[in-house]
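Subject: Structure handover

Dear colleague,

Here is the structure I said I would pass on. My notes on what was found in it follow below.

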2 protein chains.
Amino acid sequence: MRLTVLGAGAWGTALAKLLHEGGHPVTLWAYEAECLDEIRRTGRNNLFLPGIDLPRDFRCEANPRLAVADRELVVVATPSRHLRAVTACLADFAGVVVTVTKGIEADTGLTMTGVLEQTAPGAHLAALSGPTLALEVARGVPTAIVAASHHAETAAQVQALFHRPAFRVYRSTDLVGVELGGALKNVIALAAGVCDGLGFGDNSKAALITRGIAEMRRLGVACGAQAETFSGLSGVGDLIVTCFSKLSRNRGFGERLGRGEKAADIQRGMINVAEGVPTARSAVQLAHKLGVSTPIIDEVHAMLYDGKDARQALRDLIARESKAED
Amino acid sequence: MRLTVLGAGAWGTALAKLLHEGGHPVTLWAYEAECLDEIRRTGRNNLFLPGIDLPRDFRCEANPRLAVADRELVVVATPSRHLRAVTACLADFAGVVVTVTKGIEADTGLTMTGVLEQTAPGAHLAALSGPTLALEVARGVPTAIVAASHHAETAAQVQALFHRPAFRVYRSTDLVGVELGGALKNVIALAAGVCDGLGFGDNSKAALITRGIAEMRRLGVACGAQAETFSGLSGVGDLIVTCFSKLSRNRGFGERLGRGEKAADIQRGMINVAEGVPTARSAVQLAHKLGVSTPIIDEVHAMLYDGKDARQALRDLIARESKAED
């Protein structure tokens, strides 16, 4: 199968490697020309996926239209805020588009396949999401993931393409649930990181994560997702790994917030994108529009965008949560 | 209120301290006479809850019948395998009995309140369960927990007694669900520890835990529990903390199994009880009786009781799980 991966961040690069190892010729496009140069020259992407040897025969292509021309399947792995612009190149594309980007578009409230329905109207759309730290996947550490599409055949096609002994792919037709789980867990992981940064214990963090799953499910169901999806790999599975791993950017961002750093300062120093930051804003908009109560997401938003003190935010959260239940 | 705590392990001692701080005179009974002596002499229980200063006016009582005589409420915090014998002293007790022991009785398949229905037939029964590492609670680190009883009034009474700003108590009438969540999570935590011991990554562990929640829910529902309970504090909340905390005995036991130590050797060196070890046996019996598929629990049982190699067990689990889903 002729494949292209759009975006050479950690996850795009790791998936390009996995697909290439499956025997498919892979074209890789990146916004950063120096990144493609380095891969061509050294077989490494040290900016985004350090320490991993890549196949030497990736076709690196700096022009997105050329990168997707004549392809059967395109994987979209850009940051969420660039997805609409980058996928303009897919306007006439008629193959399968798989998004692995986790986010909700600001102002429109659209998931990534929601954006793709507009930018790639002729494509068959799917999303791939689950507990999958890029560096671990690149190293071949076993994991499992969900391929979701409104169309069972598309989900099955994506499953067959990505499935490996150490990379088990399950199927779902709850595309909205799978995408929202992946997007919203980054916001909850920011809050879990704040817990870490404030030196709160494992008990507090577990209680927060538990309430976080309920919040993700509530907002997801209001958007038309199935409640059970949030109990699966793309919901609680991805949430757990993001909230506990030292490799998680969103948790790490939250930890620094909890230690008293300012959001703007943290962001300036990061090469990678912490998707929870823009997603907190779009999730708050979405929850407000749908009338869903999202106390954790609201406090994360207040810390990120209103400069609210982290300790105060967690304290307000505990006080507010106590009213929410018996 | 006149209160007694039966069992001066880490959790019994931490709860006795919390209740005493709430202004109630507390009597503490322990099987280990030297433990009571130490608390009387030094105000510490260094064997089970090291480094925590206890109130100097606990009444320590070595005779269980005297310990519970004339009490309004008794907290049972013994290891699960001793609960039946210890609570023989409650045969004529007519107050409230709260179990904080997490386990399933071998051969009978009874939860702890199931055993108490037989040993304390005149009592009002409740269980208290959630993500609560004893050492963190003793240090006043914030957490949340669930008070469950078939009777809403009993649950509310227990809630009022234990509730503190940093120890939030929620209520449930799904006693079976709350108790089984607490018991079964210890078995899943053993498996998560094996993952750690084998050096598997965060992705694998998150996938395992996600499948573990589904397994707990399946077995719980077959026993009459409500599915939603396993998504709450006493289910996934407690599971998360037990699978990730360095303070968790069950996770630690699994980690040593994963590194190749024998179960019998690990057990010999432990002062505290890893409840997941006996619970793995009772859970397998229960699942077999009810015809419920429990692949993770089965593999934990095989490692503990049939000397199965940890790496092989995890490999078989991955192979078996792949058949269980699409």
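Buried area here is the accessible area, taken with a 1.4 Å probe, that two parts lose on being put together, summed over both. In those terms, chain B and chain A bury about 3100 Å² between them. Carbon and sulfur atoms account for 60% of that area. Please keep in mind throughout that this is a predicted model.

The interface

On each side of the interface the contact residues number 40: 40 residues of chain B touch 40 residues of chain A. Zero salt bridges are counted between chain B and chain A, while twelve residue pairs are in polar contact across the interface, with both residues at pLDDT 80 or more. On the side of chain B that touches chain A, the elements giving two or more residues are helix H6 (134-138), E7, E8, helix H9 (202-222), helix H10 (233-244) and helix H15 (310-324) of chain B. H9(B) gives the most to that side, with nine residues.

How the copies are related

Chain B is superposed on chain A by a rotation of 180 degrees with 0.0 Å of shift along the axis, and the RMSD is 0.0 Å. The two copies are therefore related as by a two-fold rotation axis. The same surface serves both copies, since 100% of the contact residues of chain B recur in chain A.

The sheet in chain B

Chain B has an open sheet of eight strands with mixed pairing, in the order E3-E2-E1-E4-E5-E6-E7-E8. Strand E3 (59-60) and strand E8 (167-172) of chain B are at the edges with a single partner strand each, so one side of each has no neighbour in the sheet. Inside the sheet, strand E4 (residues 73-76) and strand E5 (residues 96-99) of chain B run parallel and are joined by four bridges. One residue to look at there is B:Val74, whose bridge partner in E5(B) is B:Val97. Helix H7 (residues 152-162) of chain B lies across strand E1 (3-6), E4, E5, strand E6 (124-129), strand E7 (143-148) and E8 of chain B. This helix runs at about 180 degrees to E8(B).

The sheet in chain A

In chain A, eight strands form an open sheet, again in the order E3-E2-E1-E4-E5-E6-E7-E8 and with mixed pairing. Its edge strands are E3 (59-60) and E8 (167-172) of chain A, each of which pairs on one side only. Strand E1 (residues 3-6) and strand E4 (residues 73-76) of chain A run parallel, with four bridges between them. A:Val5 stands opposite A:Val75 in E4(A). Helix H7 (residues 152-162) of chain A runs at about 180 degrees to E8(A).

Salt bridges

Over all chains the count comes to 34 salt bridges. One of them pairs A:Glu72 with A:Arg2, with the closest N and O atoms 3.5 Å apart. A:Glu72 lies in the loop between helix H3 (64-68) and E4 of chain A, and A:Arg2 in the segment before E1 of chain A, so the pair ties together parts that are 70 residues apart in sequence.

Regards

Key. Residues are numbered from 1 along each chain as its sequence is written. Chains are lettered from A and ligands numbered from 1 in the order in which they are written. This is a predicted model: local features need pLDDT of at least 70, side-chain atom pairs count only at pLDDT 80 or more; totals for chains, interfaces and linings use all residues. Side-chain values use heavy atoms; hydrogens and water are left out. Copies are superposed by least squares on the C-alpha atoms of residues with pLDDT of at least 70 in both. Contact means heavy atoms within 4.5 Å. Two strands pair if DSSP finds at least two bridges between them. Axes are lines fitted to C-alpha atoms, for helices over the stretch in contact, and angles run from 0 to 180 degrees between N-to-C directions. A salt bridge is a side-chain nitrogen of Lys or Arg within 4 Å of a carboxyl oxygen of Asp or Glu. A polar contact is a pair of N or O atoms within 3.5 Å; within protein, one must be able to donate a hydrogen and the other to accept it, and residues adjacent in sequence count only if both atoms are side-chain atoms.
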